[in-house]
Amino acid sequence: MKAIRVHNYGGPEALIYEDVPEPEPKADEARVKIEAIGLNFIDVYQRTGLYPLPTPFTLGMEAAGIVDAVGDDVTEVRKGDRVAYAMIPGSYAEYAVVPAAKLAPLPGSIDAKVAAGLMLQGMTAHYLTQSTYPLKRGETALVHAAAGGVGLLLIQAAKIAGARVIGTVSNEAKAQLAKEAGADEVILYTQSDFLAEVRRITDGAGVHVVYDSVGATTFDKSLDCLRPRGYMVLFGQSSGPVAPVNPGILATKGSLFLTRPSLNHYTLTRAELLERANALFQWTAAGKLKLRIESVYPLQDAAEAQRQLEARKTTGKVILIP
Ligand SMILES: NC(=O)c1ccc[n+]([C@@H]2O[C@H](COP(=O)([O-])OP(=O)(O)OC[C@H]3O[C@@H](n4cnc5c(N)ncnc54)[C@H](OP(=O)(O)O)[C@@H]3O)[C@@H](O)[C@H]2O)c1
């Protein structure tokens, strides 16, 4: 089968489209014939070695498709089931083997591209707003990179929770998308000081929670956007890793909470995984959540798709087709 593998960490040129043997499922695994692959920023971190995997490895952490073989002990799915999954390496390929317990069965209303677009970024939006900091009606959230893959879904999940959402984006076209997704206020953080804008919008009170995936360039000011006892949820580093933090600043800035969550720890059991995935499928079927698929690339053009993502040129979800 064809797959995209990384032999040496590096730039997009490190992605090699090549022939590899079809994987065989172990006793607790299913093999998925992949129909659609989700592109995510974590793919960039793994390609560059920021999150190292032993080389060579097949890139990609999210896909949807059809179960085409199962191991002897598998009870969760059967051959022919439509499924999707996230956070299992190896999805940039025609087939992948996945622990069966990590597969979410798809309802008929959810097609493969939508499923491949919802699992990783959608479950992230779900856990951030429902579990990491469970947003309450009337509270205010600041969402950075609000027109990105996670960003557009995070705005909608926060609105479903009843919150007021302030988004930050780098240009007018992205601002329009964030507004269409439901953001109450949008700040162009490349043109104005987002801290001053947040203070103005909240009449000096600050926000209850900051969802910050941008990292290096936003972290310090994000802390200053919070009201006393606010939650700083750092969940990524698209602009680079955050420098080490002295916990004392959490006291001086208002007895703040700081967490650095990861989707893996919010889908620990099959029950938790299915609860989050099914909530997303139901929100989507009910028209409460809309996934914006911005572009669809053939798998062999994954390097170009990653270039666009790293250059801040994408909005919403990018899908690869094997
Ligand atoms: N912890 C978790 O569980 C978890 C799960 C999923 C994703 N994440 C994180 O969430 C973030 C978003 O992921 P995504 O896949 O949805 O990507 P994305 O948001 O679609 O793309 C990244 C966005 O970050 C913004 N950005 C700001 N400075 C940047 C820079 N120097 N270089 C590149 N981008 C920059 C850009 O938006 P503007 O142009 O508007 O600034 C860009 O479009 C990533 O950091 C990812 O690691 C974390």
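Tutor: Glu18 is found in strand β2, where strands (E, at least two residues) and helices (H or I, at least four residues) are DSSP runs, numbered from the N terminus. The model is a predicted one, in which local features need pLDDT of at least 70 and side-chain atom pairs count only at pLDDT 80 or more, while totals for chains, interfaces and linings use all residues. Residues are numbered from 1 along each chain as its sequence is written, and side-chain values use heavy atoms, with hydrogens and water left out.

With a relative accessible area of 18%, Glu18 is buried. That word stands for under 20% relative accessible area, exposed for over 50%, and partly exposed for values in between, with a 1.4 Å probe and protein chains only. Once neighbours within four places in sequence are set aside, Glu18 is in contact with Met1, Lys2, Ala3, Arg5 and His7; contact requires heavy atoms within 4.5 Å. Arg5 is 13 residues from Glu18 along the chain, and the C-alpha atoms of the two are separated by 7.3 Å.

Helix α1 covers residues 41-48, and six of its eight residues are buried, so the helix is largely enclosed by the rest of the structure. The six are Ile42, Asp43, Val44, Tyr45, Gln46 and Arg47. Just after the helix, Gly49 takes a positive phi of about 95°. The loop between α1 and β4 contains Pro56, and a cis peptide bond with omega of about -10° joins Thr55 to Pro56.

The α9 end of this arrangement can be followed to Thr314, which lies in the loop between α9 and β16 (317-321). Thr314 counts as buried at 9% relative accessibility. Apart from neighbours within four places in sequence, Thr314 is in contact with Lys174, Glu294, Gln308 and Leu309.

Charged pairs come next. Side chains of opposite charge can pair when their charged atoms come close. A search of the whole structure finds 15 salt bridges, each being a side-chain nitrogen of Lys or Arg within 4 Å of a carboxyl oxygen of Asp or Glu. One of them joins Arg31 and Asp68, whose closest N and O atoms are 2.7 Å apart. Arg31 lies in strand β3 and Asp68 in strand β5, so this pair ties together parts that are 37 residues apart in sequence. Arg31 is buried, at a relative accessible area of 9%, whereas Asp68 counts as partly exposed at 21%.

Another salt bridge forms between Lys159 and Asp184, with the closest N and O atoms 2.8 Å apart. This pair links distant parts of the chain, 25 residues apart: Lys159 is in helix α3 (residues 149-160), and Asp184 is in the loop between α4 (172-181) and β11 (185-188). Both ends are partly exposed, Lys159 at 29% relative accessibility and Asp184 at 37%. The Arg31 and Asp68 pair, for its part, belongs to a network in which salt bridges that share partners join Glu22, Glu24, Arg31 and Asp68.

Glu139 forms a salt bridge with Lys136, the closest N and O atoms being 3.6 Å apart. Glu139 is buried at 10% relative accessibility, while Lys136 is partly exposed at 47%. Glu139 is also one of the contacts of His208, which touches Tyr133, Thr140, Leu226, Arg227, Gly230 and Tyr231 as well, leaving aside neighbours within four places in sequence. His208 is found in strand β12 (residues 207-212) and is buried, with a relative accessible area of 16%.

Arg229, placed in strand β13 (residues 226-234), has a phi near 65°, a positive value in a residue other than glycine; Arg229 is exposed, with a relative accessible area of 63%. Ser255, in the loop between α7 (248-252) and β14 (257-259), likewise has a positive phi, near 50°, and counts as partly exposed at 44% relative accessibility.
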